[in-house]
Protein chains: 6
Amino acid sequence: MLLHTAAWPEIEAYLKTSTGIIIPIGSTEQHGPNGLIGTDAICPEVIAREAGEDAGILVGPTFNVGVAQHHLGFPGSMTLRPTTMIAALNDWIDSLARHGFEKIYFLNGHGGNIATIGAAFAESYSNWSFDGEACPYELMQRNWWDLPGVMDVCRSLFPVGEGSHATASEVSVTYYAYPEHVKNVKMSPKIAPNGRFTDADDYRKTFPDGRIGSDPAQATPEKGATIVQAARKAVIQDVTAFFSR
Amino acid sequence: MLLHTAAWPEIEAYLKTSTGIIIPIGSTEQHGPNGLIGTDAICPEVIAREAGEDAGILVGPTFNVGVAQHHLGFPGSMTLRPTTMIAALNDWIDSLARHGFEKIYFLNGHGGNIATIGAAFAESYSNWSFDGEACPYELMQRNWWDLPGVMDVCRSLFPVGEGSHATASEVSVTYYAYPEHVKNVKMSPKIAPNGRFTDADDYRKTFPDGRIGSDPAQATPEKGATIVQAARKAVIQDVTAFFSR
Amino acid sequence: MLLHTAAWPEIEAYLKTSTGIIIPIGSTEQHGPNGLIGTDAICPEVIAREAGEDAGILVGPTFNVGVAQHHLGFPGSMTLRPTTMIAALNDWIDSLARHGFEKIYFLNGHGGNIATIGAAFAESYSNWSFDGEACPYELMQRNWWDLPGVMDVCRSLFPVGEGSHATASEVSVTYYAYPEHVKNVKMSPKIAPNGRFTDADDYRKTFPDGRIGSDPAQATPEKGATIVQAARKAVIQDVTAFFSR
Amino acid sequence: MLLHTAAWPEIEAYLKTSTGIIIPIGSTEQHGPNGLIGTDAICPEVIAREAGEDAGILVGPTFNVGVAQHHLGFPGSMTLRPTTMIAALNDWIDSLARHGFEKIYFLNGHGGNIATIGAAFAESYSNWSFDGEACPYELMQRNWWDLPGVMDVCRSLFPVGEGSHATASEVSVTYYAYPEHVKNVKMSPKIAPNGRFTDADDYRKTFPDGRIGSDPAQATPEKGATIVQAARKAVIQDVTAFFSR
Amino acid sequence: MLLHTAAWPEIEAYLKTSTGIIIPIGSTEQHGPNGLIGTDAICPEVIAREAGEDAGILVGPTFNVGVAQHHLGFPGSMTLRPTTMIAALNDWIDSLARHGFEKIYFLNGHGGNIATIGAAFAESYSNWSFDGEACPYELMQRNWWDLPGVMDVCRSLFPVGEGSHATASEVSVTYYAYPEHVKNVKMSPKIAPNGRFTDADDYRKTFPDGRIGSDPAQATPEKGATIVQAARKAVIQDVTAFFSR
Amino acid sequence: MLLHTAAWPEIEAYLKTSTGIIIPIGSTEQHGPNGLIGTDAICPEVIAREAGEDAGILVGPTFNVGVAQHHLGFPGSMTLRPTTMIAALNDWIDSLARHGFEKIYFLNGHGGNIATIGAAFAESYSNWSFDGEACPYELMQRNWWDLPGVMDVCRSLFPVGEGSHATASEVSVTYYAYPEHVKNVKMSPKIAPNGRFTDADDYRKTFPDGRIGSDPAQATPEKGATIVQAARKAVIQDVTAFFSR
C-alpha cells in the first residue's frame with residue numbers, strides 16, 4: 001500500500017495491523033552520461049513499492065532530494081545541506097510518530113545520505129534522551145545494495161565495471177523502472193576512474209563525466225529486473241524482522 | 001522532459017535553449033474519506049508533467065511534503081514546519097540557480113503552502129538584497145486551480161459541493177491519474193461543513209472526516225481528465241509568459 | 001489601553017475581562033520621495049491605538065521592522081529575513097500566550113509581511129499539532145486596507161493615483177499622524193509605473209523613486225483623518241468579532 | 001531626525017554628512033505596580049529623540065522587545081529568546097550597513113539586554129573575521145544610566161530607594177514622557193527587596209510585586225525631566241565622540 | 001574529582017553528596033608572542049582542578065574554544081560564533097541537568113566569552129520561563145581574575161604592564177601549569193598599546209603582536225603559582241557559597 | 001607540537017612547513033563501571049599527542065563532548081545534539097581554514113560521532129559547492145581503532161571480551177594515560193550483553209551497567225601502552241599520507 005494513494009481511513013485501519021512503514025530515500029544528482037538524474041530515488045522507490053505490494057507493507061512518499069553537494073558541478077544535480085535534511089527528516093519522523101508509527105524504515109539509495117540520516121536519527125532520539133522519557137519509535141536505514149544477497153547478484157551480472165557511482169546495477173534498476181528512458185551513450189574511458197572527492201569542483205575535476213569506477217553501458221532493463229527481484233525479497237525479510245523485533 | 005529521468009548532458013543541452021523549470025509542489029495530508037493522501041502533490045505533478053511533455057518544458061522533482069500541520073489529527077498526514085520548508089526550498093533554489101536556471105516556477109497544489117513558499121522566496125531574495133548584487137533568477141508560484149479558466153471548468157463540473165478541502169475537482173484529478181485508486185466511500189453529511197481552523201486538534205473537531213465544504217463523491221476520472229486538460233493548456237501559457245518576460 | 005503605558009496589575013485586571021490583544025505590525029522602508037519610512041508601522045499603529053482607546057481594547061507594542069528586502073536599494077530601509085521574523089513573532093506569541101491571551105490580532109500595514117506572518121502562524125500551531133494537544137490561542141492577521149469599507153473610502157478620496165506602494169492613502173494616514181512631517185516633493189512622473197519585482201536591485205531599477213503606481217502628492221492630513229476614521233470603526237468591529245468567536 | 005518620519009531622500013542626504021545612527025533598544029516587561037511596561041524602551045527612546053533633535057543626529061526605530069524571560073511571571077511582559085534577538089539585531093545591522101552606516105550606537109534601556117547585544121555584535125563581526133575582510137562598521141552599546149553624570153543626578157534625586165529594577169529614576173523618565181500615565185499605587189514594603197534571580201518563577205517568588213530594591217513611589221515627571229536633561233547632553237557627547245573616532 | 005577520569009558510578013555517588021559542578025571555560029586564541037594559545041582555557045582549568053582536588057568538588061570537561069573572532073588575524077586562533085556557543089552550552093547544561101546537577105558554575109578564562117555565556121544562560125532559563133515551570137538548576141559564571149583577592153595579587157606581582165590581553169598574570173599561570181613551554185621572546189614595545197577593537201582585521205592593525213597593554217615578559221612559573229594559590233582558595237569559597245545558597 | 005601550548009608565531013612558522021593538523025575528537029560519556037567517562041576523548045588525544053611529538057605534527061585542541069545521547073541514562077554523560085556539533089565543527093574548520101590549514105584530520109574516539117562528523121564535512125563542503133568555487137581544504141576522519149594494524153593488536157591482547165562499548169582496549173588506553181585512575185570494579189556478568197539501542201532509556205534497559213559485549217576488567221596500563229604504541233605509528237603514516245596527497 002502506498003501512503004500517497006491511500007485515504008486516511010485506510011491508514012487508520014493499517015495502523016491496527018502494523019505500526020511499520022518504509023520510506024524510500026534518495027537523491028537527485030547526475031549519474032553519468034547514460035544514468036538518470038533520479039537514479040538514487042528511483043531505485044529504493046521501485047524496490048520498496050514492489051516489496052510493499054507483495055507483502056502488504058505501507059510505503060510512504062519518497063524523500064527525493066538528499067545530500068549531493070559534490071555533484072553540483074553537473075547540471076541538474078540538486079542537494080540539501082545536511083542540516084536542512086536533518087530538519088526535514090525530523091519533521092517526517094515526528095509526523096509519522098504522531099500517528100503511532102513505531103518502526104520507520106528508510107530504504108536508502110544514496111551513499112551520500114548515510115551520514116546525514118544517521119545524524120538525523122541521533123537528533124531525533126536526543127529529544128527523548130534529554131527528557132528522560134522512552135522514545136516510542138525505532139528508526140532504521142538500509143542501503144538497498146546492502147540487503148543480503150543483492151550485491152552477489154550485482155557482481156554476478158557485472159563482474160567488471162560495476163563501479164561505485166553511476167553503477168551498472170543502479171542504472172539497470174532505473175532502466176527496468178523506466179524502459180522508455182534507456183539511453184545509449186558512448187562513454188570514454190569505458191570504465192571510469194576511481195578516487196576520492198571533497199566538494200563539487202574537486203569531484204568534477206576528478207570524474208569528468210560523473211561516473212566513478214563504472215561501466216554503466218552494460219545496463220539493461222532485464223538485468224535491472226533481476227536485481228529488483230532479489231532486492232524485493234530481501235527487503236521484505238529485512239523489514240519484517242525490523243517490524244517484529 | 002523530466003529532470004528525474006534525464007541524464008546530466010540532457011540538462012546541459014536543455015539549458016542552452018531555456019533556463020526555465022517547473023517544480024510541482026504539494027503536500028501529503030488527508031483528503032477526506034475518499035481522497036488520496038497524496039492529492040496535493042499528485043495534482044500539480046500530473047498537470048506539470050503533461051504540460052512539460054506537450055511543450056518541451058523541463059519538470060523537476062515533486063516537493064511532496066509541505067505545510068500541513070492542521071491535518072496531523074488524521075492518520076497518514078505529514079508536515080514540515082514552515083522554517084524547515086523555507087530551508088529546503090532555498091536549497092532547491094540554490095541548486096537550480098547554480099546550474100543557470102533563471103526562471104523557477106512552482107506549480108502548487110496546497111493552499112497551506114502558499115504563505116511559506118512566499119516567505120521562502122523572500123528569504124532567497126534577501127541574500128542578494130543584503131549584498132547589493134542583482135539576483136540572477138526569478139521565482140514564481142501558481143496554484144493550479146488559479147490558472148486562468150481552470151476554476152470555471154471546476155465550477156461547471158461541480159456546481160454544488162466543490163468545497164475548499166478534499167474538493168470534488170482535486171479528487172477527480174487524482175482519480176484521473178490513478179484510476180485504480182478510485183474509492184467508493186459513503187460520506188455523511190453529503191456536503192461537509194465550512195469553517196475556520198488553527199491547529200490539528202481544532203481542525204479535526206470542526207471537520208470530523210477531513211473535508212471542508214465538499215462533496216467529493218462526485219469525483220470521477222473523466223472529470224479529472226477534463227480539468228487536467230484545461231490546466232495543462234493554461235500552465236503552458238502561464239509558464240511560457242513567465243519564462244520569456 | 002496600551003500595553004507599553006500600562007503597569008502589570010492593569011494587564012492582570014484586563015485579562016479578567018478580555019483575553020484579546022491587537023499587535024500593530026509594519027515595516028521600516030522607503031515610501032517614495034514624500035512618504036515616511038515608517039509608514040507601514042505608523043498606519044496600523046495609529047489605527048489600532050485610536051480603536052483601542054475607543055473600545056477599551058488592549059494594544060501591544062508595534063512590530064516595526066518587517067520583511068522589506070526589496071526596498072534595501074533605498075537608504076533607510078530595514079528588513080528582517082523571513083526566518084528571523086518567524087522566530088521573533090513566535091517569541092511574541094509565546095510571551096502573550098504565557099499570560100493567557102487567547103486571541104492575538106495582528107493589524108498589518110505591509111503587504112510584504114503577509115506571507116511571513118502566515119508562515120509564522122503555521123510555525124506556532126505546528127508545535128501543538130505535533131504534540132497532539134489543543135492550542136489554547138487563535139491568531140489572526142488583517143491588513144488595515146482590507147478592513148470592510150476602507151478601500152471604498154480610499155478609492156473615493158483618490159480615484160486616480162492611489163497605487164500600490166507609497167499609496168496616496170497610506171501617506172495621508174501618516175500625515176494625519178505626523179502633520180509636522182508633511183513633505184512637499186515634486187515627483188515625476190506624476191503617477192509612478194506599475195510592475196513586478198524580485199530583489200532590491202530589481203526593485204530600484206523598475207521603480208526609480210520607490211513608488212509603485214501611485215501619486216502620493218495628493219496626500220493630506222485631512223484625507224488621512226477620513227481614512228483613519230473609517231478604519232478605526234472597521235477594526236473595532238473586526239476585532240470584536242474575532243475576540244468573541 | 002527620526003528615521004521613521006523621514007523620507008528616503010532625506011536619509012540619502014544625511015548619509016553625506018554623517019554615517020552614524022542611534023538605535024534605542026529596550027524591553028517590554030513589568031516594572032512594578034506603578035511602572036510602565038514599556039519603561040525600558042521608552043527611556044532610551046525619549047533620551048535619544050531629544051538628543052537627536054538637539055544635535056541633528058539620526059535616530060532609528062526603537063527595538064522594543066528584548067530579553068526579559070525572567071519577567072514572564074508578570075502579565076504583559078514579553079521576551080525574545082537571546083538567539084532570536086541576535087538574529088534580529090544582525091538583520092537590523094546588516095540593513096543599516098547596506099546603506100553605508102558606519103557607526104551604529106545602541107542606546108540601551110534594559111540590563112537584561114546587555115549580554116545578548118554583546119553577543120550579537122560578536123556574531124556580526126564574526127562574519128568579517130572569518131572572511132578576513134575588514135568590517136566597514138563599528139557597533140557600540142551604552143546603557144543610558146551609564147552615561148557620564150547621569151547616575152549622579154539619579155542618586156541626588158533619590159538618595160534612598162533608587163533600586164535596580166523599576167527604579168525611581170526610570171519610572172520618573174517615563175512619567176516625564178507620558179505624564180498622563182502617572183500611576184498612584186501604594187506599594188508594600190516601601191522599598192522592595194534585593195536579591196538574585198534565574199527564571200520567571202524564581203523571579204516572581206523573590207520579588208512578588210516585580211520591583212527590586214526600589215521605591216518608585218518617589219517618581220515624578222519633574223524628576224524625570226531633570227534626568228532626561230542630563231542624559232540628553234551626555235548622549236550627544238558620547239555619540240559625537242563615537243561617530244568621530 | 002574530574003568528570004573525565006571518573007566512572008559513572010562515582011558520579012552517581014557524588015550526586016548524593018552534592019549537585020554542584022565546576023566547568024572551566026576558555027578560548028583558543030593568540031596570547032601574544034610568548035603566550036600560549038590555550039591560555040584562556042588553561043588558566044580556569046588549572047585553577048578549577050586544584051580547587052576541585054582540595055575541596056572534593058567535581059570538575060567537568062573544559063569548554064576550550066570560545067568566542068574569539070577578533071583574534072582570527074593571528075595563526076592558530078579559533079572561534080565559535082556566539083550562536084554556536086549558545087547552542088553548545090545549552091546542550092552541556094541540559095546534559096548535566098538531566099543527571100540532577102542543580103548548580104553549574106562556569107569558571108571563565110576569557111573576557112570575550114562573558115556576553116555569550118550570559119546570553120546562553122538566558123536562553124536556557126527562557127525555556128522554563130515560557131513554560132511557566134520552575135527551573136531546577138542555577139547557572140553562574142565567574143572570571144577567575146574577578147575572584148575576591150586575585151587581582152590584588154596580580155597587581156602586586158605586576159605593578160606595571162599587567163595589561164588586558166596576554167596579561168603578565170595569565171601567562172604566568174600557564175607557565176606554572178606548563179613550565180616546559182616557557183617562551184623567551186623579545187617584545188617591542190615592552191608594554192603593548194591599549195585600545196578598542198571590532199573584528200579581526202581591526203584587532204591586528206591596532207595590536208600588531210596581539211598583546212593589549214601588557215608586558216608578559218615578566219611572567220614566570222613562580223608568579224603563576226602564587227596566583228593559582230590565591231585563586232584556588234577564592235574559587236573554593238565562591239563555589240561553596242554558590243552550591244549552598 | 002600542541003596548538004594549545006604554542007604561541008602564534010610558532011603556528012605561523014609551522015604553516016610554512018605544513019598545512020596539516022590533527023584534531024582529536026571524542027565524547028564525554030559513561031564507559032561502564034571501571035571505564036573513565038572521558039575515555040573517547042582521552043584515547044585519540046593521547047595517541048595524537050604522542051604521534052604529534054614523534055613526527056612534528058601539529059595537534060589542535062580536543063573536541064571533548066560529542067554525540068552521546070544514548071548514554072544520558074548514566075550520570076556524568078554529556079552530549080551535543082548532532083546539529084550543534086555540526087555547527088561547532090564548522091566553526092572549528094572555518095577558523096583553521098582562515099589560517100591556511102588545508103588538511104584537517106580528525107582522529108575520532110567515538111563511534112557515535114562518525115555520522116555527525118560526516119554530515120559536518122558535507123555541510124562544510126556545501127558552501128563551496130553551492131558557490132562553485134574550489135574548496136581550499138580537505139577534511140578527513142579516522143577512528144583510532146580503524147588505523148591499520150590496531151585492531152589486530154587489540155584482538156591479540158583481548159581475544160575474548162573486547163566488546164564494542166567500554167572495550168577492554170579503550171579502557172586500557174586510558175589506564176595507560178591515567179594510571180592513577182585505574183579502577184578495580186567487579187562486574188557481572190563478566191562479559192556484557194550485546195544488542196542494539198535507540199535512545200537513552202532504551203540503552204540503559206538493554207545494557208544495565210553501560211558496557212556492550214565487553215569485559216574491561218582485563219584492562220591494564222601495560223596493554224594500553226602496547227595499543228598506543230601501535231596506534232601512534234599507524235596514525236603518523238595515515239596522517240603523513242593524507243597531508244601529502
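1. Chain F holds an open sheet of three strands, ordered S1-S2-S3, and the pairing is parallel. Strands (E, at least two residues) and helices (H or I, at least four) are DSSP runs numbered from the N terminus. Two strands pair if DSSP finds at least two bridges between them. This is a predicted model, where local features need pLDDT of at least 70, side-chain atom pairs count only at pLDDT 80 or more, and totals for chains, interfaces and linings use all residues. Residues are numbered from 1 along each chain as its sequence is written, chains are lettered from A and ligands numbered from 1 in the order written, and side-chain values use heavy atoms, without hydrogens and water.

2. S2 (residues 103-108) and S3 of chain F pair in the parallel sense over six bridges. Leu107(F) stands opposite Arg142(F) in S3(F).

3. Helix H2 (residues 39-55) of chain F lies across S1 and S2 of chain F. H2 runs at about 150° to S1(F). Angles run from 0 to 180 degrees between N-to-C directions, with axes fitted to C-alpha atoms, for helices over the stretch in contact (heavy atoms within 4.5 Å).

4. Now chain D. Asn90(D) sits in helix H3 (residues 82-98). Asn90(D) has 8% relative accessibility, so it counts as buried (under 20% relative accessible area, 1.4 Å probe, protein chains only).

5. Which residues does Asn90(D) contact, leaving aside neighbours within four places in sequence? They are Ala120(D), Glu123(D) and Ser124(D). A polar atom of the Asn90(D) side chain lies 3.4 Å from the backbone nitrogen of Ser124(D).

Notes
Buried < 20%, exposed > 50% of the residue type's maximum accessible area, 1.4 Å probe, protein only. Polar contact = N/O pair within 3.5 Å; in protein donor to acceptor, adjacent residues only side chain to side chain.
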